[in-house]
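Please look through the sequence and the structure shown here before reading on.

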Amino acid sequence: MTNHEASTLNRDDDDRRPALEAVIASARRLGVEVDEAEAAQWVAALEAEESGAGDVVVDVDSGIYGHRVSMLDFTPRDLARFRAIGEIVGFPDRPPAVLTALALSGSAAQGKIQSYPGDCDYFERIHITAPTRAAACAILADVIREKALATRVGPTHRLWEVKFGSYPFDAERDGRPVRAGSPISWTADEVAAGRIEVARDGRTEAVTWDQAAAEPGWCKLDWIVADPARRALANASNMLDVTWEAPDGSIVALDGFIDPYFQEVYLEAESLPLFTRLVEQLSADAVDEYVGQLEHEVVKYTTKDPNYGKAARRMYNIFRLTGRYAEAAYLRELFDEPTTVLYQVAAQIRTLDEADRPGAAFDHEVLVKQTDDLIMSAIAALDGRSEAEMVRHLLEVRSNLRGRCGSAGRSAEVDEVKNEALRAVNDYFERRLTAIPEIRAWLEDLAARS
């Protein structure tokens, strides 16, 4: 039994009921409305799942599967939309050498509680069978390049950025230092060219796609996607976890770490055999290790690099997995509060800015309409001077988009909108988290342990 499993079992039903009542009382004093019956029902569902057999749940009707706790927060309401976007961002199998398992992650996988998701986040396991690690890396390089070029631009999407490979040496790129071993970002044009240029020791030097493939590192692709039914744009990302199977049957992650599966919802039941094989490689302490990683990030986002919104999302996953269901129920309500729509404002203003660039094929009327929606969201979430400033910046962006004046003329306004939205979200979550005695005590204990 792991430490976190023990803590979960120690916090039995008799402890949880008064804990939930205390958290709900504190929330109401702060003006956060918690539906007591719904919260109790959700906690009861978690407790029932806790005593069930197995960690992975399969929904036979929809064909999705995932960790039992993650499945409780997913709603199939937008499943068709997510699968349609998955056709753009997902990687096809190339049997027998390449097998894949595509999942939703982050707020996209928590539709029951995340009323204002910022992006469409995907996660994909890519498993490569090859005689050597070098051969596996070469296959991965080909697979990613093929996907990037095939989805470079289309009626409903445009490739934004690819993260692939690691810099082989220290250099400068666009006047900024880059360190050996750090991830390389590629534009669509650079992927097509198969090279980027950097400055090294006063000379221009190329880093090729094949060079980058030697150490794939962090692999991620981002697109802007259009949803014709909603007449809206969104950022869709796909984070890759790549594993290599050697001739002797051993399986290793190309980045050195097989990711756990505690916040993903997998979209196709056909990938379950691959998923099962891969998660069998995780250590018996996978939950402890995952929680420890999240706790480290919570410390970072509440001390060194304050972002209490990000901290709250990680705390929610920690509390779900460690039996602190009362605190998790409170966080569920915070994610549904009007102020959290500003997370969406910060994400979407960046997407709209990137969508209005040369080579894009998106309807300008959609961009303007979506800016109007952001203005209404800001009015609903803010008041006073903050509201006036946010609306002023958004109106400037709207005017720029309407007049097709180019990105240079709105960059300052876009930055102001994003920064002000994130600042408001950070202040909101900091107040709401530290005002609950149980959560404040948990944060203080975590900081002391760190």
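A cluster is formed by Tyr65, Tyr261, Phe262, Tyr266, Phe275 and Tyr290, which are joined to one another through ring pairs; rings of Phe, Tyr and Trp (its six-membered ring) are paired if their centres lie within 6.5 Å, and planes under 30 degrees apart count as stacked, over 60 as edge-to-face and the rest as tilted. The model is a predicted one, in which local features need pLDDT of at least 70, side-chain atom pairs count only at pLDDT 80 or more, and totals for chains, interfaces and linings use all residues. Residues are numbered from 1 along each chain as its sequence is written, and side-chain values use heavy atoms, with hydrogens and water left out.

By the ring rule, the count of aromatic pairs is 12. One of them joins Tyr65 and Phe275 in an edge-to-face arrangement, with 5.2 Å from centre to centre and 65 degrees between the planes. This pair links distant parts of the chain, since Tyr65 belongs to strand S2 (residues 64–67) and Phe275 to helix H9 (residues 272–279), 210 residues apart; helices (H or I, at least four residues) and strands (E, at least two) are DSSP runs, numbered from the N terminus. Tyr65 counts as buried because its relative accessibility is 0%, and Phe275 counts as buried because its value is 1%, where buried means under 20% relative accessible area, exposed over 50% and partly exposed in between (1.4 Å probe, protein chains only). The rings of Tyr428 and Phe429 have centres 5.1 Å apart and planes at 80 degrees, so this pair is edge-to-face, and both residues are buried.

Charged side chains also meet rings: Arg313 lies over the face of Tyr343, 4.2 Å from the ring centre, and Lys147 lies over the face of Phe91, at 5.8 Å. The rule here asks that NZ of Lys or CZ of Arg be within 6 Å of the ring centre and within 35 degrees of the ring normal.

Just after H15, Arg404 takes a positive phi of about 50 degrees.

Two further residues show contrasting surroundings. Ala108, in the loop between strand S3 (98–104) and strand S4 (120–129), is buried, with a relative accessible area of 5%. Leaving aside residues up to four places away in sequence, Ala108 touches Phe74, Phe82, Asp119, Cys120 and Asp121, a contact being heavy atoms within 4.5 Å. Asp142, by comparison, is found in helix H6 (residues 133–150) and counts as partly exposed at 42% relative accessibility.

Taken as a whole, the protein chain has 17 helices and 15 strands. Its radius of gyration is 23 Å, close to the 22 Å that the globule rule gives for 450 residues, so the chain is as compact as a globular protein of that length; the radius is taken over C-alpha atoms, and the rule is 2.2 Å times the number of residues to the power 0.38. Buried residues make up 52% of the 450 residues.
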